Amino acid sequence: MTAISRIDGRIKVTGAARYSADYPVGDLANGYLLLSTIGRGTIRALDTAAAQHSPGVLAVYTHANPLPLFGGAESGVGYNWLPLQDDQVRHHGQIVGLVVAETFEQARDAAALVRVDYAAVPPRASLRDGIPGATLPDDVNGEPALLDLLADGVASIDEALGASDVLVTGTFTQPIEYHSAMEPHAAIAVWRDGYLTLYSGAQAPQLAAGTIAATIGVDPSRVHLLSPHVGGGFGNKILTWGHPLLAAVAAKALGRPVRIVLTREQTFGVTGHRSAMSQTVSLGAGRAGHLVAIKHDAYAGMSGGGDGFLYEAAPHTTSRYFYASPNIHLGQRLVTLDVPPQTPMRAPGQEAGSFALETAMDELAVRLGLDPVELRLRNYATTYPGRGVPWSGKHLDECYRVGAEAFGWSRRAPVPRAVVEGDWLVGTGMATAAYPASRYRTTGKVRLQPDGTAAVSTATSDLGTGMWTVLAMVGADALGIPVDRVRPALGDSALPGNPGAFASAGTASSAPAVQAAARSATRALLELAVTHERSPFHGMSQDQVRYERGDVVGPGRRIPFGTLLGVVNLAGIDATETTALGPERERFAFTSFGAHFCEVAVNRWTGESRVRRVTTVIDAGAIVNEKTARSQIIGGVIFGIGQALFESADLEPDTGRIANANLADYVLPVSTDVPPIDVRFLSHPDTVFNPLGARGIGELGTVGIAAAIGNAVHHATGRRVRDLPITLDKLIDA
Ligand code: MOS
């Protein structure tokens, strides 16, 4: 296909696109969440009298007069508890009250008047301190938490490591990271005649609507969630947080629409993060650089008293299949922490896992005196380790070659600290990217309309990814009509069934359903053409007519579908189809691949690292829209620059308070931190995976980039930093 600009671009840059908090709703009351100021303990007493008498206040809700929420919806709620239902404080920044007033400012000011008396106990806030008490999860992605894939006759991974010629070992750590989407979380709840309309940004509109219905105790048919535009999700708008739940029940209780907008600071407590991680990777290899053993163990921070859900399955999502090795050990352990909830965050598992594995691979290359690209080619996996099945498509070797050529990798100095430019030490580094391609059961609908347009719909979401545009393009391609004749619809829980946009599966899931629905619609159109008595094709046989580029074509005639619908006086032809991955999932592994190359300069005096340029080559099958796909990869790389150099939620150990819960102190890459990023796509359509041949790209771009940057820092300085982010203090004397 081609590269077109976002069809929703104009309404976004002109401010016409509405986000959750923007909907003009009459008689709106505003809620403000009151959050805990201790890290763990119980609420002994609450004094809400002053708040209740504060100007404009309509109600103050706490656990002492709770709004009714019900358990049983845990799969879609981001916490393993429900807000305001008990006196327990599980983390700093937990919801302990809701003040509803006429205006946001009145609610906020009244919330400041609520006095809460806590019985505090010290929170468990440090991953490192909790490691001795770590536990094992029951399973990790359906596999054992401790998984050994060992060659015949090998008793243990340590035996294999011990027998290898060369051994590298490193422990890699990273702090809690936050998605920091541009649009903070918000919800507006409006009840009418027992039906709830919710405006709340959601990656999965139907999952959110179903979760909210179950949690507030109403039939799912009575909850309608609208989320046409989402200002960034990155995983943090998959699960349901407290604000839409409390807005829904407060609106019902007060008989007025209620809006709750989180402040930026509140997003750090009320919504999710990526778990803090500690990983140890050992690689054993022969002298020629062939891996003999990979041992990868990880500890992930777990909130909610420890029985939250593990998302950061780093070893199982990277060392499981990145390279061929006769012996692989994966270990995953959990550390109970009293911190805000963890949740999926862009490339959960792979983001952290690739930092550890791909840094260790660089250390091995250095130890062997082997080029890092060559080391990866020598350990290239052609079948999925331990499963013996091939990939549906894998051109990672081409990514390495194309990337190395485009980047100028062959000019790289063979040893670290070889390039000095004034005050700057300059190095280059590379790493592998891989992310599984997923496809979920999805329903798409196509409606051919008398004005010659086609409506294409499915209940997916556009988080800024370009889904509006891709949906229109896929519909246009399937129907053979121009994109501007397609009217896409998404971001609405009432649309045909869709799991939502996550796991980089949005396009791969939705496109086949739309294609199938388009085929059904054109079949129904041809059927109508020969059977309707007012149709000019009436009485012809099916094989005398065909559909071609929006027209019905028969002997001597070509009639656009809109015209035909007008002639027969029909308002439209609808077709709905559901598609899913078939038995091919047993015979193939599905993964998107890539390779990153980057150049980093480290200031000799300040330790400041600047990424100077990045080349990223992507093997993700067919690319539907090269323009929005390119933006996705650039966004992923920038996400990785944040992981590598800047991002860290800093918890005060005594209170569990996030000391930098704002965008001044939680440092994100800004424009001046982002160098030219050269993105190249290989074009190998993967039609085993779906008819379009398109695998996912949303998360792939962020996998491996932190390691590539860290490897470049090592090449520049000779200093290996295994603790993210790579801040100035870690390089000040380099
Ligand atoms: Mo992604 S972390 O599945 O939005």
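This is a predicted model: local features need pLDDT of at least 70, side-chain atom pairs count only at pLDDT 80 or more; totals for chains, interfaces and linings use all residues.
Me: How many aromatic pairs turn up in a search of the whole structure?
Reply: The search finds 20 aromatic pairs. One of them is phenylalanine 268 with tyrosine 666, and that pair is edge-to-face. The centres are 5.6 Å apart, with 65° between the planes.

Me: Where do phenylalanine 268 and tyrosine 666 sit in the chain?
Reply: They link distant parts of the chain, being 398 residues apart. Phenylalanine 268 is in helix 8 (residues 264-270). Tyrosine 666 is in the loop between helix 17 (626-646) and strand 27 (677-681).

Me: Is phenylalanine 268 buried or exposed? And why?
Reply: Buried, because its relative accessibility is 3% and the cut-off for buried is under 20%. Tyrosine 666 counts as buried too, because its value is 0%.

Me: What about phenylalanine 407 and tryptophan 409, how is that pair arranged?
Reply: That one is tilted, with 6.2 Å centre to centre and 50° between the planes. Phenylalanine 407 and tryptophan 409 are both buried.

Me: Switching to charges over rings. Which ring does arginine 222 sit over?
Reply: The ring of tyrosine 195, with the charged end of arginine 222 at 4.7 Å from the ring centre.

Me: And lysine 394, which ring is under its charged end?
Reply: That would be tyrosine 380. The charged end of lysine 394 lies 4.4 Å from the centre of that ring.

How values were computed. Residues are numbered from 1 along each chain as its sequence is written. Side-chain values use heavy atoms; hydrogens and water are left out. Rings of Phe, Tyr and Trp (its six-membered ring) pair if their centres lie within 6.5 Å; planes under 30 degrees apart count as stacked, over 60 as edge-to-face and the rest as tilted. Helices (H or I, at least four residues) and strands (E, at least two) are DSSP runs, numbered from the N terminus. Buried means under 20% relative accessible area, exposed over 50%, partly exposed in between (1.4 Å probe, protein chains only). A charge sits over a ring if NZ of Lys or CZ of Arg is within 6 Å of the ring centre and within 35 degrees of the ring normal.
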